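Dear colleague,

I am handing over the structure below, and I would be glad if you could look through it before reading my notes on its charged side chains.

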Amino acid sequence: MASKILIVDDAAFMRMMIKDILTKNGYEVVAEAADGVQAVEKYKELHPDLVTMDITMPEMDGITALKEIKKHDPNAKVIMCSAMGQQAMVIDAIQAGAKDFIVKPFQADRVLEAIQKTIG
């Protein structure tokens, strides 16, 4: 069975890039969200196997959304996505429970490696 993934990023083209990588490799993208508030709502509704979460977003940032999702489901698997130069935020994200992080611009093999490692 294909792993169900929720993609969270405020940039539509970034969501499209990740979705393209995932669907070509047999993953099912069950939903997309443009900010942390939507991410938390969609997580609670759909219970995906994995979330890719941008760090910098309007409404609610990725780290806050990660913490909210973890409160709801301590076993949630979340991979953070960040641009170069956000190392401090990445450390915060890992401490908040993120399983891994991918740096933008995305390399398809790195995205897949992080997901395979996280889902197991």
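What follows is a short account of the salt bridges in this structure.

Please keep in mind that this is a predicted model. In total, the structure holds 9 salt bridges, and I describe some of them here.

One of them joins E32 to R15, with the closest N and O atoms 2.9 Å apart. This pair links distant parts of the chain, since E32 lies in strand β2 (residues 28-33) and R15 in helix α1 (residues 12-24), 17 residues apart. E32 counts as partly exposed, at 27% relative accessibility, whereas R15 is buried, with a relative accessible area of 14%.

Another salt bridge brings together the side chains of E68 and K71, at 3.0 Å from N to O. Both residues belong to helix α3 (residues 62-72), and because they are 3 residues apart there, about one helical turn separates them. E68 is partly exposed at 28% relative accessibility, while K71 is exposed, its relative accessible area being 63%.

The side chains of K117 and D100 also meet in a salt bridge, at 3.3 Å from N to O. Here too the pair links distant parts of the chain, with K117 in helix α5 (residues 108-119) and D100 in strand β5 (residues 100-103), 17 residues apart. K117 is exposed, with a relative accessible area of 55%, but D100 counts as buried, at 7% relative accessibility. Finally, D100 and K117 belong to a network of salt bridges that also takes in R110 and E113.

Terms used:
Residues numbered from 1 in each chain as written. Predicted model: local features only at pLDDT ≥ 70, side-chain atom pairs only at ≥ 80, totals over all residues. Heavy atoms only, no water. Salt bridge = Lys/Arg side-chain N within 4 Å of Asp/Glu carboxyl O. Helix = DSSP H or I, 4+ residues; strand = E, 2+ residues; numbered from the N terminus. Buried < 20%, exposed > 50% of the residue type's maximum accessible area, 1.4 Å probe, protein only.
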